[in-house]
Amino acid sequence: MSTKVTVAFQPVLDKGALLLGGEPHVVHCHYYNHFLQTSIEDAEALYPVEEVLVWTAQEIAHSLFQKLFAEEGITDHERRKALVEAVYTRCGYGKVSLSGISADGGEIATPYEHYAYTYAATFPPRPKGKRGVAYFSQGYLAGAIEAIYDLPLGSMGSQQTACLTQGDAEVRWRFYRLPQPLPLTPSVGEGASQKGTIFQPSTTRVPMAQVRDAVLGLPLLPDAETGLIEAFGVVLTFIPGNYYALISERHLQRMIQVAGEEVRPLVLDMLVESGHVCAFNTLGGIMQSAEWDAVVGPYLDTPEDWLYGITAVMPAIGWGIVGCIEHPSAQKWELCLPNWYETSALAALPPHQRKMEYSPFAEGLFAGIMALVYKAGIHERRLTFDGHLYKQLFQDGRVYKASFYQSRLRGDSRDALTVTSLDA
Amino acid sequence: MTHKLVHVCAWRVKYLFSLSEPLDGAAWRALADFWGNSCLESTILSTGAVLYKLSLPDKKGMLMGSSVSPDIYAILLRSEAQALLPDVIEALERVACL
């Protein structure tokens, strides 16, 4: 018997958040997902990276589905499985069937999983024998299985046993009960989320709330066959923001544990770079898309309108409300972030449990947007997004740098940062 | 009509085609007719603009545009792009002349 299940994100307009099962979800593309994951995975000789990449997803999925099952009043195991399968696909993770799963575990296999499918299609082959790339799904499904059977968090072990990136025809995971639960902690959910007001500057015609509402109405839906979301020329996911925030934070903690404080700048630089990757691929893809032309295009008079336009998109993809403190220029852009999703996740942790003092991802992201507008000139010519342009903007020819001067993670009431030109 | 390569990676390429004016619903349906087994979806946005997405057969790519912009984006499988590009140009030229 097939069960029809509808899954819908709940936009929270005064936070710029998209909720599902009490978890804020954020939109990112496969380039960002792989950059962040691969950068963390590169430390596999220093610490067991699965404990960060898999366990974090397991914690969040367990909390998410516990809440979702309670909200929907679903107690039946088959209906719970159907809901997990539907959420998995709606979020763009791919297609899975949990028919072979019981309270003791089992196997799940699929030819369509976001990380594996996009890695195999986009990047050079991984070395033979290296484990698969579907860390997130592995943990997510383990946590979901625990929730389906009302098992304690951490009681389900998991292993990826096949991957498209190893030449296999499918991605496959094995799940099994553990004699002792893993040391996992429930998700912080909305964490230290804060309300804000959508920002409408007087210096632009870009109607910020109208852009947000139009983007919320875009059909960012998965393909019926693959469960993957293709839009803007990239492949998108709705992944819980807590996942990105916590894997970044936990990677920093583990690196400091094994290599000392001197490793901090290296990790932070990597996270800044992840912001560049996101600006270039996700936001660059958006700014050269039919959706952008339709929604924001009619209001773009000046280069600064491009900055306002892209910040108006952010609440609609779950990143939080973004305000411009002063009218931007090619030399300086000053922003406030009342509910940045990474901060809201990390500020919910006791101060002694976190090492991050601000969002390095946001620093790279907003510097990256400035580079797209003022260095590459996306407002006056259509760009060709390729490795050459990336190098020009963010490596040899990097010209913008951002810095937080207020941070909720340092005790301030809000996050605020300035992007400045290195040429000034 | 002009076109430009705007995104390239190992998997996908994205071309931008600039027409003299936006295509209407009838022109998009004519584009869909050009390829058998293509799938045309339209979405009315809260701004009143209509967004069009034409998925090409066999997941070889998609064309996207709107009722308010003369620009059309073609996102194509890189391995198929060389073969598909002349068809895309021919189809767009044909409907632009309707």
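The model is predicted. Chain A has 424 residues, and chain B has 98. Contacts between the two chains include those made by Ser66(B) and Asp71(B).

**Chain A overall**

- Chain A holds 13 helices and 13 strands.
- Its C-alpha trace spans about 60 × 50 × 40 Å along the principal axes.
- Buried residues make up 63% of chain A.
- Take the contacts in chain A between residues at least 6 apart in sequence: 71% of them join residues at least 24 apart.
- The chain exposes about 15100 Å², and carbon and sulfur atoms supply 51% of that area.
- Chain A carries 33 positive and 46 negative side chains. The centres of these two sets lie 2 Å apart.

**Chain B overall**

- Chain B has two helices and six strands.
- From the N terminus on, their order is β-β-α-β-β-β-β-α.
- The C-alpha trace of chain B spans about 35 × 25 × 25 Å along its principal axes.
- A compact globule of 98 residues would have a radius of gyration near 13 Å, and chain B agrees with its 13 Å.
- Of the 98 residues in chain B, 50% are buried.
- Among contacts in chain B with a separation of 6 or more, 45% link residues 24 or more positions apart.
- The accessible surface of chain B is about 4600 Å², with 49% belonging to carbon and sulfur atoms.
- There are 9 positive and 10 negative side chains in chain B. Their two centres are 9 Å apart.

- Asp71(B) sits in strand β6 of chain B, which covers residues 69-77.
- Asp71(B) has a relative accessible area of 11%; the limit for buried is under 20%, so this residue counts as buried.
- Its side chain makes a polar contact with the side chain of Arg382(A), at 2.6 Å.

- Ser66(B) belongs to strand β5 of chain B, residues 61-66.
- The relative accessibility of Ser66(B) is 2%, so Ser66(B) counts as buried.
- The side chain of Ser66(B) reaches the backbone nitrogen of Ser69(B) at 3.3 Å.
- Beyond its neighbours within four places in sequence, Ser66(B) is in contact with Ala290(A) and Ala294(A) from chain A.
- From chain B, those contacts are Pro22(B), Leu23(B), Val50(B), Leu51(B) and Tyr52(B).

**Loop residues of chain B with positive phi**

- Asn37(B) lies in the loop between α1 (25-34) and β3 (39-44) of chain B.
- Phi of Asn37(B) is near 65 degrees, a positive value in a residue other than glycine.
- Asn37(B) has a relative accessible area of 75%; exposed means over 50%, so Asn37(B) is exposed.
- Asp58(B) is in the loop between β4 (50-55) and β5 of chain B.
- Asp58(B) is not a glycine, yet its phi is positive, at about 60 degrees.
- The relative accessible area of Asp58(B) is 66%, so Asp58(B) is exposed.

**A buried glycine in chain A**

- Gly241(A) is part of helix α7 of chain A, which runs over residues 241-259.
- Gly241(A) has a relative accessible area of 2%, so Gly241(A) is buried.
- Leaving aside neighbours within four places in sequence, Gly241(A) is in contact with Pro24(A), His25(A), Val26(A) and Tyr341(A).
- Gly241(A) and Gln37(A) are 204 residues apart in sequence. In space, their C-alpha atoms are 14 Å apart.

Notes. Residues numbered from 1 in each chain as written. Chains lettered and ligands numbered in written order. Predicted model: local features only at pLDDT ≥ 70, side-chain atom pairs only at ≥ 80, totals over all residues. Heavy atoms only, no water. Helix = DSSP H or I, 4+ residues; strand = E, 2+ residues; numbered from the N terminus. Rg over C-alpha atoms; globule rule 2.2 N^0.38 Å. Buried < 20%, exposed > 50% of the residue type's maximum accessible area, 1.4 Å probe, protein only. Contact = heavy atoms within 4.5 Å. Areas by Shrake-Rupley, 256 points an atom, 1.4 Å probe, with all protein chains shown as cover. Lys, Arg positive; Asp, Glu negative; His and termini not counted. Charge placed at Lys NZ, Arg CZ, Asp CG, Glu CD. Polar contact = N/O pair within 3.5 Å; in protein donor to acceptor, adjacent residues only side chain to side chain.
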